[in-house]
Amino acid sequence: MVLLTKSRWRQLHRWVVPIAAVPLLVTAATGSLYSLLLEQGIDAFWLLKIHSGRFGPLNLQPYYSVLLGLSTLVVIISGAG
């Protein structure tokens with residue numbers, strides 16, 4: 001196994017985090033927005049579909065929780081490195 005230097009770890013982290021953070025941000029934003037709208041009496045069910053990985057014709061629901069878990073681990077590991 002090749003060990004990466006600190007500068008390589010930083011470079012890897014800068015490249016990986018924006019990609020890994022997208023599904024995490026989408027899930028947090030849609031969940032929060034749905035809760036806020038529901039308190040106002042607005043049932044935006046379409047937000048729940050996005051929140052759970054259904055993006056129109058692209059259905060990632062069976063894999064979305066695994067993707068979120070892996071994204072979280074990637075961000076943590078690359079940040080720790």
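This passage walks through the fold, the surface and a few residue contacts of a predicted protein model.

Because the model is predicted, local features are given only where pLDDT is at least 70 and side-chain atom pairs only at pLDDT 80 or more, while totals for chains, interfaces and linings use all residues. Residues are numbered from 1 along each chain as its sequence is written, and side-chain values use heavy atoms, with hydrogens and water left out.

Let's start with the overall fold. The protein has three helices and two strands, and from the N terminus on they come in the order α-α-β-β-α. Here, helices (H or I, at least four residues) and strands (E, at least two) are DSSP runs, numbered from the N terminus. The C-alpha atoms fill a box of roughly 55 × 25 × 15 Å along the principal axes. The radius of gyration, taken over C-alpha atoms, is 16 Å, whereas a compact globule of 81 residues would come out near 12 Å. That globule value follows a rule of 2.2 Å times the number of residues to the power 0.38.

Buried residues make up 19% of the 81 residues; buried means under 20% relative accessible area, exposed means over 50%, and partly exposed is in between (1.4 Å probe, protein chains only). The protein exposes about 6100 Å², and carbon and sulfur atoms supply 70% of that area. Such areas come from the Shrake-Rupley method with a 1.4 Å probe, and for residues only the protein chains shown count as cover. As for contacts (heavy atoms within 4.5 Å), take those between residues at least 6 apart in sequence: 50% of them join residues at least 24 apart.

Helix α3 covers residues 61–80 and includes Ile76. With a relative accessible area of 52%, Ile76 counts as exposed. Ile76 also belongs to a nonpolar surface patch with Val66, Leu70, Leu73 and Ile77, and together these residues have about 480 Å² of accessible area. Patches are built from residues with over 30% relative accessible area and no salt bridge, joining like charges within 9 Å and nonpolar side chains (Val, Leu, Ile, Met, Phe, Trp, Tyr) within 5 Å. A salt bridge, in turn, is a side-chain nitrogen of Lys or Arg within 4 Å of a carboxyl oxygen of Asp or Glu.

Ser71 sits in helix α3 too, but this residue is buried, at 6% relative accessibility. Leaving out residues up to four places away in sequence, Ser71 touches Ala20, Pro23 and Leu24. Val74, another residue of helix α3, is partly exposed at 35%. Beyond its neighbours within four places in sequence, Val74 is in contact with Val16 and Ala20. The C-alpha atoms of Val74 and Val17 are separated by 7.7 Å, though the two residues are 57 residues apart along the chain.

Over in helix α1 (residues 6–39) lies Ala28, which is partly exposed with a relative accessible area of 45%. Ala28 and His51 are 23 residues apart in sequence, and their C-alpha atoms are 7.9 Å apart in space.

Finally, the aromatic rings. A search of the whole structure turns up one aromatic pair. The rings of Phe55 and Tyr64 have centres 5.7 Å apart and planes at 70°, so they meet edge-to-face. Rings of Phe, Tyr and Trp (its six-membered ring) pair if their centres lie within 6.5 Å, and planes under 30 degrees apart count as stacked, over 60 as edge-to-face and the rest as tilted. Tyr64 is buried, at 3% relative accessible area, while Phe55 is partly exposed, at 30%.
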